[in-house]
Amino acid sequence: MQSYTVERKIGKQSVLLEKTVTLLSSATVAGPKESLGPLSAFFDRHYDDTILKEKSFERAECHMLEEACHLALGKAGLSPEDMDYFIAGDLLNQVISASFCARGLAIPFLGIYGACSTLTEGLSIGGMLVQGGFARNVLVATSSHNCTAERQYRYPTEYGYQRPGYAQWTVTGAGAVILSSEGEGPRLESITTGKVVDAGVKDPFDLGVAMAPAAADTIYNHFIDLEREPSYYNLILTGDLGGMGKKLNEDILASKGFNIEPNYSDCGVLLYYPHQKVDAGGSGCACSALVFLGHFYKKMMEKELHKVLLVATGALHSPTTYLQRESIPAIAHAVSLEI
Amino acid sequence: MLGQAILNLFIALGVPEQQAGNPTVATVILIAAVMTGFGIFDDIARVAGAGIAVPVTGFANSVTSMAIEFRREGLVLGTGAKMFALAGSIIVFGVVTAFIIGLISALI
C-alpha cells in the first residue's frame, strides 16, 4: 500500500489551514426577543414578531435564513453565482429551512446537521474546501426559530407548562457568512473537529450540562493538538452552553490543567438580559450565529480582538430518542480565527 | 377561587345549587381555551404552575394549543389528528382508572 501523507492534519483531531481563508462578510437577522437583548445593535435586521407575515413559523425561519444569505452576499458585493458551495443546516427535521433556502439560491448545496454546532461544522467544511482548492467562495449559513424548535422538540407554543430554571431558550434568528480565498477579514486558521461525547444526561431541558463535556473535550484536544495555552486566545467562545454548562465546561478544563476562565465566554449567556426570562440562556443554531457573526465578527474587524476560538456545541438527540429513554449525545466543533 | 365566583354567579342567576357545577366547569374551560388562543395562558402557567395546569383549565389548554399549533397541516390531518396528542393519555388513563375503581366498588 502506498503511504499517503496528510499534510495539513495536526495531532488527533485538528487541521491547520495554510492558505488564506477569510470570513469575507457576515450578516445576521434577529427575532423579537433577540432584538431586545444587549447585542441588538450588532444585528443587521430586526423583527418584532416571529411569523414575519408568512403562513407558518417554518416559512418564517426559512425567510430569515434567505435574508441573512442575501445580506451577506450584498455586503461582499457578490451574487449567488459567485458562490461555489452553499453549506447550511438548522434544527428542523430533514434540515428543511436550509434545503428550502437553497432552492431559491441555486448554489451547489451541502445540507448539514450538527444541531447547534452547525455554524462551526459549516465553517470547518467550507474552510477545508477553500484550503483544498475546491472552491473560491463558500456561503455558510444557519438558522433556528423558537416556535419551530419548541413544536418539534417540546410542546406547542401556547401550551402552558413550567420550564425548569436550567432550561434554555431557542434563539429566533439566522446568520450567514462568506468564506473566501481572497479579501479582507478574519482568517480561518485552524479547525478541531469534535467527537460525539455522551455524558449520560437524559433530561432534554438540561442541554447545557449535556453538551459541556463535549465542548471541554474538543477544547482540550485543540490545545493538545496545536500545543497552545488558553492565553493564546483573546477570547474562547462556546456556542450555547448557558450558565450551568459554561461553569461545568470551566470546571472540566480546569481539572485537566487548562484555566480558561479569564478569557472565556458563552454565546447563550451573552445574548439576553437576565430579565428576559430565558432561564439559563439562549440555545439553537442561531445562538452562536448571532453572537459571533453579529457581535464578535465586528469586534474582530475593528481589531479589538485578534485571536478567537469559536466552539459551537450541539446536542444530538431527537424527540424520539428522548421518549425512548436514551441519553443525549453531544458534539462540539472548534475553529480558530485570526486577524 | 375564580371557579367559586362563577359558581356563585350561576346560583345568583337562578341555577339550582346542585346543577350549577356543570355550567361553571364549561365556563372555566371556555376561559382557558380563549386565553390559550390569545397567547396569555402559557405566560400565566409559567408562574401559576400546577395551580392552573392540574384542573380542567390545563386540559383545555393542552387541547387548544395543539389545535392551533397544527392548524397549518390542515383541518383533518393537522388540527383533528393532533388535537388530543397531549390530552389523549389523560382520557385513556382516566377511563381505565374509572373502570378499575368501578370494578372495585361493584365487588365491595
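This is a predicted model: local features need pLDDT of at least 70, side-chain atom pairs count only at pLDDT 80 or more; totals for chains, interfaces and linings use all residues.
User: At what angle do H6(A) and H7(A) pack, and how far apart are their axes?

Analyst: Two packed helices are described by the angle between their axes and the distance between the axes. Here H6(A) packs against H7(A), residues 242-255, at about 35 degrees, with the axes 8 Å apart (axes are lines fitted to C-alpha atoms over the stretch in contact, and angles run from 0 to 180 degrees between N-to-C directions). Residues making this contact include Ala212(A) and Ala216(A) of H6(A), and Gly245(A) and Leu248(A) of H7(A) (C-beta atoms, placed from the backbone, within 7 Å). By class, the contact has 12 nonpolar, four polar and no charged residues (Ala, Val, Leu, Ile, Met, Phe, Trp, Tyr, Cys and Pro are nonpolar; Asp, Glu, Lys and Arg charged; the others, Gly among them, polar).

User: Is H6(A) largely enclosed or open?

Analyst: H6(A) is largely enclosed by the rest of the structure, because 15 of its 20 residues are buried (20 or more other C-beta atoms, placed from the backbone, within 10 Å of the residue's own; 12 or fewer is exposed, and in between is partly exposed). H6(A) covers residues 207-226 of chain A. Glu227(A), which follows H6(A), has a positive phi near 50 degrees.

User: Which residues of H5(A) are buried, and what do they pack against?

Analyst: In H5(A), residues 146-153, Asn146(A), Cys147(A), Thr148(A) and Ala149(A) are buried. The buried residues of H5(A) pack against helix H2 (57-76), strand E7 (137-144) and strand E8 (169-170) of chain A.

User: How many residues of each chain are in contact with the other?

Analyst: The contact joins 19 residues of chain B to 11 residues of chain A. On the chain B side, H5(B) gives the most, with seven residues. That side has eight nonpolar, seven polar and four charged residues.

User: How many helices and strands does chain B have?

Analyst: Chain B has seven helices and zero strands. Buried residues make up 17% of its 108 residues.

Notes: Residues are numbered from 1 along each chain as its sequence is written. Chains are lettered from A and ligands numbered from 1 in the order in which they are written. Two residues are in contact if their C-beta atoms, placed from the backbone, lie within 7 Å. Helices (H or I, at least four residues) and strands (E, at least two) are DSSP runs, numbered from the N terminus. The expected span of a helix is 1.5 Å times one less than its number of residues.
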